[in-house]
Amino acid sequence: MGNSALKSHLETSQKTGVFQLTGKGLQEFPEELQRLTNNLRTVDLSGNKIEVLPAAIGNFLQLKSLTLNSNRLTTIPSEIGKLKKLETLSLNGNGIQQLPPTLGLLKALRTLSLAGNKISEFPSGLGSLRQLDLLDLSRNKIQNVPAEVSELQAIEINLNQNQISVLSAEVSRCPRLKVLRLEENCLELSTIPLSILTDSQVSLFSVEGNLFEVKKLRDLDGYDKYMERFTATKKKFI
């Protein structure tokens, strides 16, 4: 892509606070963006070939939304934790294997989307994200949802298309969790914690494509209780 095109994008971004350059074959994060650290609120560089998110990302202190879907990232720099105003971080379709502990410093974060990466362990340290509404970890390689999940404040957790065979009963203690998606995993009926049905806030529990027939859920203790929540939520939207 020519320098003149990048220049015109930069000029527009200076006025709007939005820098969007998708599907242009960029191989690195544009260094020229450094000039706009004070007024950029939104950056979208999806569909490029960027391999490294530079440490300088920590200088974009006004950033509210950072989207780098479908690139070639394998890591996230720890400096990401400096983005105290960041509300949306979307890194779907990369090669990320683990998250830096500093991610837990993003106190304003509402959406964390990491679908289609190479994450094999459920991320720890996200319980400090008090504003988090959506955590999307679908299409990864996670096998186990540990007890620490209970600390999450998310309203929706999407774990579709992983390799999960162990689901901690502590998930039922997530204080705000309404939607739990576990489609196409490796769960047996006997590994479904009954407390999700009886004692949680979950009103949409999606488990199609596991190692049991979904209709067998109806035989479990507490299914009626879950259905009451499911129906009540449905009525709200009708």
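**Salt bridges in a predicted model**

Mentor: This is a predicted model. The count comes to 5 salt bridges.

Trainee: Why is the pair Arg110 and Asp133 called a salt bridge?

Mentor: The rule asks for a side-chain nitrogen of Lys or Arg within 4 Å of a carboxyl oxygen of Asp or Glu.

Trainee: What makes Asp133 partly exposed?

Mentor: Its relative accessible area is 22%. Buried means under 20% and exposed means over 50%, so Asp133 falls in between. Arg110, at 36%, is partly exposed too.

Trainee: How do you know that Arg181 and Glu156 form a salt bridge?

Mentor: Their closest N and O atoms are 2.8 Å apart. The cut-off is 4 Å, so the pair counts. Arg181 lies in strand E10 (residues 179–181) and Glu156 in strand E8 (residues 156–158), so the pair ties together parts 25 residues apart in sequence.

Trainee: Is Glu213 buried, exposed or partly exposed, and why?

Mentor: Glu213 is partly exposed, because its relative accessible area of 44% lies between the 20% and 50% limits. Glu213 also forms a salt bridge with Lys215, with the closest N and O atoms 3.6 Å apart.

Trainee: Which residues are joined into one network?

Mentor: Arg110, Asp133 and Arg176, through salt bridges that share partners.

Conventions
Residues numbered from 1 in each chain as written. Predicted model: local features only at pLDDT ≥ 70, side-chain atom pairs only at ≥ 80, totals over all residues. Heavy atoms only, no water. Buried < 20%, exposed > 50% of the residue type's maximum accessible area, 1.4 Å probe, protein only. Helix = DSSP H or I, 4+ residues; strand = E, 2+ residues; numbered from the N terminus.
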